[in-house]
Structure formats: structure tokens, C-alpha cells
Amino acid sequence: MQLARRRRRWGEGVVKGALALCALVSVATTVGIVAALLEPSIEFFREVNPLDYLTGTEWAPLFEPAHFGVVPLVVGTLSVTFWALAVSAPFGLGAAIFLSEYASPRVRKVLKPALEVLAGVPTVVYGYFALVTFTPFLRSLGLEVEIFNAFSAGIVMGVMLIPTVASLSEDAMTAVPQALRDGAYALGSDKLKVSLRIVVPAAVSGIVASYVLAVSRAIGETMIVLLAAGQLAQNTFDPFKAVETMTAFIAATAQGDVPTGSIEYKTIFAVALTLFTLTFLMNLLSIRLVRKYREVYE
Amino acid sequence: MKEVVIELREGRPRGRVPGRLFLAYLLLSVAVGLVLLGWLLVDVVGRGFAWVDATLFFDPPSADPQLAGARPAILGTLYLMGLLVAFTVPIGVGTAIYLEEYARKDRWYNRLLEVNIQNLAAVPSIVYGILGLAFLVRGLGLGEVLLAGAFILGLLVLPTIVIAGREAIRAVPGSIRDGAYALGATQWQVVGRQVLPAAAPGIATGTILALSRAIGETAPLLMIGALTYVPFDPTILGEFTALPVQIYNWTRQPQEDFKLLAAGAIIVLLVLLLAMNAFAIWLRNRYQKRW
């Protein structure tokens with residue numbers, strides 16, 4: 001009896017090759033992004049000293065004389081990110097604890113998709129809401145916010161990021177073995193103690209990963225800041241003032257008809273490279289942290 | 001002994017006040033998001049409902065808000081959807097099949113592929129716009145056309161489709177594969193005739209959700225020149241605009257009427273997204289199997 005196949009099936013190899021080719025598209029995307037960013041950026045740094053770029057505190061690439069200090073853009077980005085995290089970190093964690101430890105399966109089944117809707121609303125809609133509704137609302141409360149300001153954009157963005165933080169944190173909490181909770185209850189702990197002293201510490205790498213991801217999203221978010229935070233590169237952490245973020249600069253500058261090869265054109269790429277490097281490092285950190293909690297219990 | 005019990009009883013209520021405060025904080029956490037969502041919806045509908053009319057659907061944009069419509073933008077969004085389905089779905093599902101069914105997990109290049117896809121899923125959307133600007137619009141000389149927009153949005157949601165596809169494929173139990181192999185099926189026969197049909201509802205659900213994300217994207221389209229006055233119906237190789245870009249454009253106009261019109265366009269966009277999501281949920285409930 002001969003069980004081994006006599007005839008080779010070429011079709012099988014072709015299928016495997018085609019599928020591998022599909023997988024290569026995503027590799028090509030990454031290579032493409034890096035290549036697209038690097039070439040004009042290198043040209044940019046031939047004209048502008050990288051040290052001046054990274055430490056310069058004045059950003060005026062379109063003026064005469066031009067200044068290419070990226071610090072105001074980074075300050076603007078961090079200012080908005082701070083307010084976004086100030087909302088999404090505590091409330092995202094709270095929502096995750098509620099869903100994972102307190103909610104009954106029925107409540108969970110309704111609440112979880114309802115929260116996910118927040119993540120499904122297009123960012124341009126949040127931008128509209130921040131500019132047209134939220135900023136005037138803040139003014140009606142007596143806060144002296146400018147029409148464009150970092151605070152309004154940051155708060156609205158923070159609410160948008162709640163489900164991002166909640167779902168990743170909740171995954172990590174669900175991965176904590178029931179035996180740990182049961183052990184704590186047997187020792188007389190109440191739900192508060194079990195949540196805060198057992199589940200949260202055991203899930204901490206997942207929670208941190210969700211925060212890192214939220215920061216990465218906030219840094220890369222464009223439409224909310226473009227509409228609501230303004231396009232005025234100011235070196236200020238004052239939340240009620242207008243700022244310009246890296247993403248807002250890129251989007252606003254690319255809207256004009258920028259000639260290929262001009263210094264303006266290269267500036268877009270240099271700022272985008274800065275943005276990409278920042279978010280790339282945070283994403284790797286987040287992926288690494290998520291792996292960590294998965295390894296412990298599986 | 002009795003004193004100890006009394007002591008324990010007296011000790012308990014003290015623990016309850018922080019417990020209640022904590023629960024209040026948790027409920028507040030859940031409520032914050034839902035309240036803002038409700039506020040946003042009520043606000044947008046209140047402003048824009050009167051502006052959702054035949055003019056909005058069937059007329060081109062105009063400098064006069066009373067006459068302006070979003071016909072080219074709505075058509076542009078529909079065309080983008082069609083093109084996305086045509087080339088992102090096959091590539092995304094192919095990648096998912098490769099990673100789940102063919103790739104050996106112990107090979108470094110397969111692990112790299114996986115990390116690469118996870119990372120791409122978190123790259124800011126505006127960076128994809130940069131890719132489009134550098135290679136498609138300027139590099140290839142394709143120009144600021146609809147096809148370039150579809151390519152960019154396609155690459156943007158590819159990781160989402162791959163991740164959803166992998167989950168659906170992974171949910172098919174190994175016993176189905178083993179049964180088919182035992183009957184003498186080849187690997188592709190197992191995948192093509194058993195695994196894929198069983199995973200199809202899950203893949204479809206994930207794909208529709210990914211598409212609805214792509215449809216709401218604005219920033220990458222701004223980068224490749226979708227912010228432009230297009231009074232005519234779009235073509236694949238012509239200038240174009242899309243619904244989110246139109247919303248952005250109207251929102252930043254100084255006239256108050258344009259902001260109301262933007263709210264009308266937001267209603268149209270949200271209804272479209274809601275319909276897609278409802279369809280995805282219906283698909284999942286109708287065809288999902290439990291093994």
C-alpha cells in the first residue's frame with residue numbers, strides 16, 4: 001500500500017504563494033511609509049540643522065525669515081494629549097472595571113456595544129461638536145476660552161478614546177484567573193478590595209498598554225485638532241489658548257497647492273516623520289505590554 | 001468569641017462607604033461617554049434636521065448655503081466604498097488565511113509580519129495620507145483622483161480586516177479541518193471548502209465594520225487633495241470629494257448657515273454608518289454558528 005501522494009499538486013503551491021503575496025502587501029505598506037517619509041525628510045535636514053529643528057522654539061516655516069523649530073508643535077500636541085488622557089485614563093479604567101467586575105452579563109451585553117459606538121463616530125463629527133457646541137458651552141460656563149483652544153479639543157478627544165482604553169483594559173482584567181478573586185473573597189475582601197488590590201494590579205500591564213495606545217491615538221488624531229484647536233503655533237501649555245499640533249500643521253499645509261520639492265513640501269514630511277517615529281515607539285511599547293499579560297496566564 | 005463577632009459586624013459598615021463611592025465613580029465613568037454621545041446626537045439632529053432635503057442629496061455644492069448640496073460628495077463616498085470592497089477585502093482575507101492556516105509560527109518572518117500588521121493598525125491615518133501624497137499623487141503622477149483615495153483608505157483599513165478575518169478563521173474548530181483531512185482533502189480543499197465558508201459570516205461582519213471606519217476618514221483624503229470644489233459627479237480617474245471632507249469644508253466656513261448644513265451632512269453620514277453597523281450585527285446574529 002502506498003499512502004504517500006504520487007502526483008505533486010502544483011495548485012496547492014500556487015495558492016500558498018498567492019496568499020503569501022497578499023501578506024506582503026502589508027509589509028510593502030510599512031516600507032512605503034518609511035520610504036515616503038525618509039527621502040524628503042533627509043533633503044529637509046540638509047537645509048535645516050536637525051538640532052535647530054528639534055530645539056528651536058519658533059515655528060514659522062512660511063515666513064521670511066523662516067523658522068523651523070518644532071518645539072511649539074510638540075508642545076501643542078502634548079497639551080491636547082494631556083487633556084485627552086486626563087479624561088480617557090480615569091473614565092476608561094472605571095468603565096473597564098465596571099464591565100469586567102460589576103456588570104451582570106445582561107448589562108454588559110448592552111453597555112459594551114453602546115460604548116463602542118463612541119469609537120465608531122467619525123472624528124470630523126467630534127471636531128464639529130468640539131468647535132460648534134463644546135467651546136461655546138465652555139464659554140457659557142464663564143471659562144475664558146478662545147474660539148480655537150486645546151482644552152475643548154482635548155476633552156472631546158478624551159471622551160472619544162474612552163472605549164479604546166476600556167476595551168483593552170477590560171481584556172486584561174478578564175484574563176485574570178477567577179481563582180485569584182475567589183482567594184481574596186475567601187480572606188474577607190469586598191468587591192472594592194478585590195477590584196483595586198487584586199484585579200487592577202494583576203492587569204496592570206494591559207492597562208498601561210491601553211494608556212500608551214490612547215496617547216498614541218491622541219498624538220496622531222487630526223480632524224478634532226484641525227477644527228477645534230486652531231492653527232496657531234504657540235509655545236504655550238495654557239489650555240484655553242489656540243495651539244497647532246503636528247497633525248494639524250501637516251493637514252493644513254497639504255491643503256494648499258504645495259509645489260513638489262519646495263521647502264514647504266519637505267517640511268510636511270519632516271513633521272510627519274517626527275509624528276510617525278513618536279507613535280511607532282508607543283505602538284511597539286503597547287504591543288509588548290499586551291504580550292506580557294497574555295503570557296502570564298495562558 | 002462574642003466580642004470578636006460584634007467587632008467584625010461593627011467593622012463592616014465602615015468598609016461600605018468607600019465601596020459605594022467607588023461604585024459611583026464606576027457608574028460615572030460609563031455615563032460620561034454615553035452622555036456626551038447623546039448630547040452630540042441631539043445637538044447635530046437639532047441643528048441639521050431641517051437641512052436634510054432633496055437639495056442636500058441631489059445638488060452640487062455652492063457658495064450659497066441655501067442652494068448647496070452634497071451630491072458629488074455622497075457619490076464619491078459610495079464609489080470609495082465599492083472600490084474598497086473590490087481590492088481590500090480579497091487582500092485582507094488572503095493575508096488572514098495565510099497567517100492562520102499556512103504560516104509557521106516559529107519562523108521569524110511570520111512573527112515580524114504579525115507585529116507589522118499590529119503596528120500598522122495604530123499608525124495615524126494622516127501618515128497614510130502622506131504615503132498617498134508621495135507615491136500615488138506625486139510619484140506615480142496619478143493626480144488627486146478617486147482611485148488614489150480608494151487605495152489609501154484600502155491600505156488604512158487592511159490591518160483591521162486582517163485582524164477580524166483571523167479571529168473568524170480561528171473560531172472554526174480544528175475538528176472540522178481534521179475531518180476533512182481524514183477524508184483525503186488537500187490543504188487548499190480544507191481551507192477553501194470547509195474553513196472559509198464556516199468563517200464567512202465573521203469575516204463579513206468584521207469587514208463591514210472596517211469599511212464603516214474607512215468611510216468616516218477625513219485626514220488622509222485631505223492630504224491627497226479631496227478638499228476641492230467638485231460640481232460634477234465623480235469618476236474613478238477624476239477629481240473627487242467625499243462626505244466627511246464636505247462636512248469639514250462646510251464646518252470651517254464663517255457663515256452660520258454652512259454650519260447647519262454641515263450638521264445635515266453629518267446626519268446623512270451617521271445614518272449611513274448606522275445602517276452598515278446594523279447590517280453587520282444582523283449578519284452576525286443570523287449566521288453565527290456556535291460550536
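Chain A has twelve helices and two strands, where helices are DSSP runs of H or I with at least four residues, strands are runs of E with at least two, and both are numbered from the N terminus. This is a predicted model, so to speak of local features I need pLDDT of at least 70, side-chain atom pairs count only at pLDDT 80 or more, and totals for chains, interfaces and linings use all residues. Residues are numbered from 1 along each chain as its sequence is written, and chains are lettered from A and ligands numbered from 1 in the order in which they are written.

Chain A to begin with. Its order from the N terminus is α-α-β-β-α-α-α-α-α-α-α-α-α-α. The C-alpha trace of chain A spans about 80 × 70 × 35 Å along its principal axes. Its radius of gyration is 24 Å, while a compact globule of 298 residues would be near 19 Å; that radius is taken over C-alpha atoms, and the globule rule is 2.2 Å times the number of residues to the power 0.38. In chain A, 48% of the 298 residues count as buried. Buried means 20 or more other C-beta atoms within 10 Å of the residue's own, exposed means 12 or fewer, partly exposed is in between, and the C-beta atoms are placed from the backbone.

On contacts: two residues are in contact if their C-beta atoms, placed from the backbone, lie within 7 Å. Of the contacts in chain A with a separation of 6 or more, 73% are between residues 24 or more positions apart.

Now chain B. Chain B has eleven helices and zero strands. For its 291 residues a compact globule would have a radius of gyration near 19 Å, but chain B has 25 Å. Its C-alpha trace spans about 85 × 65 × 35 Å along the principal axes. The buried share of chain B is 45% of 291 residues. Among its contacts at least 6 apart in sequence, 75% join residues at least 24 apart.

Next, the core. A nonpolar core is a set of buried Ala, Val, Leu, Ile, Met, Phe, Trp, Tyr and Cys residues joined through C-beta atoms within 7 Å. The largest one has 184 residues, and Val156(A), Ala272(A), Ile130(B) and Ala265(B) touch the most other members. Helix H3 of chain A, residues 71-102, gives the most to this core, with 16 residues. Leaving aside neighbours within four places in sequence, Ala272(A) is in contact with Leu37(A), Ile250(A), Val127(B) and Ile130(B).

Val127(B) and Ile130(B) are among the buried residues of H5(B). Why is H5(B) described as largely enclosed by the rest of the structure? Because twelve of its 15 residues are buried. H5(B) reaches 20 Å from first C-alpha to last, close to the 21 Å expected at 1.5 Å a residue; the expected span is 1.5 Å times one less than the number of residues. A kink of about 35° is centred on Leu133(B), the bend being the angle between axes fitted to the seven residues ending at a residue and the seven starting there.

Just after H5(B), Gly141(B) takes a positive phi of about 70°. Leu142(B) lies in the loop between H5 and H6 of chain B. Leu142(B) is partly exposed because 16 other C-beta atoms lie within 10 Å. Beyond its neighbours within four places in sequence, Leu142(B) is in contact with Leu136(B), Val137(B), Leu147(B) and Ala148(B).

H6(B), residues 146-170, is mostly covered, with 21 of its 25 residues buried. Its ends are 35 Å apart, first C-alpha to last, close to the expected 36 Å. Where does H6(B) bend by about 40°? The bend is at Val157(B), and Pro159(B) follows within four residues. H3(B) also has a bend, about 35° at Thr88(B), with Pro90(B) following within four residues.
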